[in-house]
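Dear colleague,

I am handing over the structure we spoke about, and my notes on it follow below. Please read them with the coordinates open beside you.

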Amino acid sequence: MEKLQARLVGAYEHPTRFAPDKSLVQLHTEVALGAVADAGLSLSDVDGYFCAGDAPGLGPLSVLDYFNITPRYVDTTETGGSSYVAHVAHAARAIDAGLCDIALITLAGKPRSENKSASSVALALPADRPERDFEVPYGPTVPANYALCAARHMHEFGTTSEQLAWIKVAASHHAQYNPHAMLQKAVTVEDVLSSPMVASPLHRLDCCVITDGGGALIVARKEIARDLAKPGLRILGTGEAIKHQSAGDIDLTFSAGKWSGKQAFDMSGVTHDQIQYASIYDSFTITVLMEIEDLGFCKPGHGGGFVAEGNLISGRGKLPFNTDGGGLCSNHPANRGGMTKVIEAVRQLRGEAHPAVQVPDCKIALVHGTGGSLGTRHGAATLILACED
Amino acid sequence: MSTTREYIHPEISPEARPFWDAANEGKLVIHTCRDCGRGHHYPRAMCPHCYSADLEWKETDGHGEIYSFSVVTAGKDLPRYVIAYVEIADRVKAMTNIVDCDPDSLRIGQRVKAVFRRSKTGQNILLFSPLESL
């Protein structure tokens, strides 16, 4: 018996990667309209709305005022880049509880045209953040926070920079088929290793792109989904978790994905070998490596061996991942990658991915998002999605 | 060699004031619970392990061990710096910088000792330096 009845029925990724001439709320509007059109619905059908910290002004109040719609349910769960993965689960539960029928989730941002990297935000934490005085003086850029995880992983497990580089190689192999990808050139392990060191042991090409853009999703009641043009997707499993410094007792060798992934697998009854495609949050190569271990695709410490030799490349490896090129090569709008992770999983399950990277007969996919920073505090959200039987 | 950075001004929350005052005297103190005996960092107004309010500031010898570190390239014309987590007491790690060192020769597990540098406003900031270079 399925635990969730609501269906994921619409998805839209903005094609832009640079939008200096558009306002933030305009981008939210364009992705909202794209997603309702994809689902065969209208913005006026939406009675549930989900957004996070990237939304302008007072979040749903400002955006819904601009849209001129008055949904009866809103949720602004904020767990950084993983928010939108969690929103899918929250939307499905709200619908199943009768709180709304058609839920819209939006994300948009312009960090590229506004020259706002995630680091510039991290280094300007407001005074009331409890951790501020004990971190900001030390210059914890976002790459540096993830580098602390990578360095410890290498120390404990013998993971190498070459192994991390294979993750970028796989993403770039996929990105060459995505005409919207910011980086469309396939790169080699050597290209990654010879790119400038940003925060050792992470090189420039171990990092994701910084892009303008956004995306949106529609979740709807099962009875409504049945009548739409495209088949809805089942939400078999969901999981959420947070992890932090544990008051000083921090362990950098694993992420909250260890907990969110277990919840999602337990709920779904799906086994790892049934997952045909995985969207794995890829702010950095080390993010992917740790998540693959934490989600249980390999044992702790074995991620390096798992990703080497192209195992993440569609058509070649055991676990095709991020076939749009992911955040590492295609898109990381608003410095938050969760939305685009869900969207590419939808493409795969609908058979709408590029033919060169489409997983044949893809029926079950996993989506995993991370938000915040693995090196300090972060949220994780996991979804297991499937086609209708 | 690693170089001197400008350390931003800490806002100094009321509950952490004794930590900063001790730093100005060149001392590293750890907020420690009198009930469960565990220390924590950053300092809170309650013990985050057992939720007791009965806490004391324990001075340490300032020695620690590098748990992880990264050499950060800040920009083309800016000096590199080393960000790290250092274990400053049993199960207590602190984010910090490693200074007065050759960044390329550092290793995880290396013993380090607390040193202090003044921020722009004259507040001492807790940093660490390899033991052997002292």
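Predicted model: local features only at pLDDT ≥ 70, side-chain atom pairs only at ≥ 80, totals over all residues.

Residues are numbered from 1 along each chain as its sequence is written, chains are lettered from A and ligands numbered from 1 in the order in which they are written, and side-chain values use heavy atoms, with hydrogens and water left out.

The contact (heavy atoms within 4.5 Å) takes 40 residues from chain B and 35 residues from chain A. About 3000 Å² is buried between the two chains, 58% of it from carbon and sulfur atoms, where buried area is the accessible area (1.4 Å probe) that two parts lose on being put together, summed over both. On the chain B side, Tyr42(B), Tyr67(B) and Met95(B) lose the most area to chain A, together 23% of what that side buries. Tyr42(B) is also joined to His41(B) by a cis peptide bond, with omega about -5°, and lies in the loop between strand 2 (39-40) and strand 3 (55-59) of chain B; helices (H or I, at least four residues) and strands (E, at least two) are DSSP runs numbered from the N terminus.

Turning to chain A, nine strands form an open sheet of mixed pairing in the order 3-2-4-7-1-8-11-10-9, pairing being assigned if DSSP finds at least two bridges between two strands. Its edges are strand 3 (73-75) and strand 9 (277-280), each of which pairs on one side only, and the twist averages 20° from one strand to the next. Strand 2 (residues 48-50) and strand 4 (residues 102-109) of chain A pair in the parallel sense over three bridges, and Tyr49(A) has Leu104(A) as its bridge partner in strand 4.

Two helix pairs in chain A deserve a look; axes are lines fitted to C-alpha atoms, for helices over the stretch in contact, and angles run from 0 to 180 degrees between N-to-C directions. Helix 6 (residues 161-175) and helix 10 (residues 285-294) of chain A pack at about 100°, with their axes 9 Å apart, which makes helix 6 of chain A roughly perpendicular to helix 10 of chain A (angles under 35 degrees count as roughly parallel, over 145 as roughly antiparallel, 65 to 115 as roughly perpendicular and the rest as oblique). Helix 3 (residues 83-96) and helix 13 of chain A pack at about 60°, with their axes 6 Å apart, which makes helix 3 of chain A oblique to helix 13 of chain A. That contact is made by Tyr84(A), Val85(A) and Val88(A) of helix 3 and Gly338(A), Met339(A) and Val342(A) of helix 13.

Finally, some backbone details of chain A: the peptide bond from Ser200(A) to Pro201(A) is cis, with omega near 5°, and Asn335(A), although not a glycine, has a positive phi of about 60°.

Best regards
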